[in-house]
Amino acid sequence: MVYISIYGSQNYNLDIYTDDYKSDIDMKAIIVPTLDDLIYNSKPISTVVDTEWGQCDLKDIRSYFQTLIKANPAYIETLFTDYYIVDKHFKKEFDEIFSLKDELVEKLSAQMIRAMYGMMCEKQKALCHPYPTIAHKIEKYGYDGKQLSHVIRLYVMMQDYYAHNKSMKEALIPSDAINMIMKAKLNQYSLEDAKYLMDLTIKQGKEFKEEILNNIDEKTIDYSVKDKFIKLSQDIIKNKIIEECRNYE
């Protein structure tokens, strides 16, 4: 494991710790394949494990970087969190990764707003769906307020990054609608109001996304930063294998 970071409410300043509600501490852990993994062409690790604090998403570094350069917001935020640990053997590579993170999101701005809106639509579908982990909320309230809170947060994040010219790190923390987000998260809206807010925010998000994309000429963008990220992931794997061979000797 070369990198582990928090993702979720702590990064947005939306975590809650009360008698009635305690935010999980969810993490993403990045794994480097072993020499045997590469020789035998083993399938890259991608799995979720439960911990005493929350869930930990284990991801092979090759898959992690491919997901990053697709501008998945849930992975982009792992580059901007204050809560992370880097294996000291790979500090040099991660220092360079962190130095390139703002350039990456700038160059991927078109993909990222599409991904953000796509994530909003996924949350909309999940609002009233009785998935096993949230079935108790659906039974009690008719909806899962966490899905609505994410949609509102993502819409505010869109506005902050694309319209208000905030950095991605600044945009992670909502500048507006905090009370609305928290009220949704705690299921304090009626089912009718929750559905209305969800539909309205999705509509506004779609309109804003299309407005932004109309002003981006993707054919003129230099995407070479993606190659830099892939090379850094390859460098980490090479260094890990070299160290493994030295220990074997």
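**Close-ups of salt bridges and cores**

There are 10 salt bridges in this structure, which is a predicted model.

**View 1. Asp57 and Lys28 pair up through their side chains in a salt bridge.** The N to O distance here is 3.1 Å. Asp57 sits in strand 4 (residues 55-60) and Lys28 in strand 2 (residues 26-31), so this pair ties together parts that are 29 residues apart in sequence. Both partners are tucked away: Asp57 is buried at 9% relative accessible area, and Lys28 is buried at 5%.

**View 2. Lys169 makes a salt bridge with Asp82.** Their closest N and O atoms are 2.6 Å apart. This one links distant parts of the chain, with Lys169 in helix 9 (residues 168-171) and Asp82 in the loop between helix 4 (73-76) and strand 5 (84-86), 87 residues apart. Lys169 is partly exposed at 34% relative accessible area, while Asp82 counts as exposed at 55%.

View 3. Glu243 is partly exposed at 36% relative accessibility; Arg246, at 55%, is exposed.

**View 4. Leu148 in the largest nonpolar core.** This core has 65 residues, and Val2, Met112, Leu148 and Phe229 touch the most other members. Helix 8 (residues 145-163) supplies the largest share, 10 residues. Leaving aside residues up to four places away in sequence, Leu148 touches Leu127, Ala184, Tyr189, Ala194, Leu197 and Met198.

**View 5. A second, separate core has 5 residues.** Among them are Ile4, Ile6, Met27 and Cys56.

Definitions and conventions:
Residues numbered from 1 in each chain as written. Predicted model: local features only at pLDDT ≥ 70, side-chain atom pairs only at ≥ 80, totals over all residues. Heavy atoms only, no water. Core = buried A, V, L, I, M, F, W, Y, C linked by side-chain atoms within 4.5 Å. Buried < 20%, exposed > 50% of the residue type's maximum accessible area, 1.4 Å probe, protein only. Helix = DSSP H or I, 4+ residues; strand = E, 2+ residues; numbered from the N terminus. Contact = heavy atoms within 4.5 Å. Salt bridge = Lys/Arg side-chain N within 4 Å of Asp/Glu carboxyl O.
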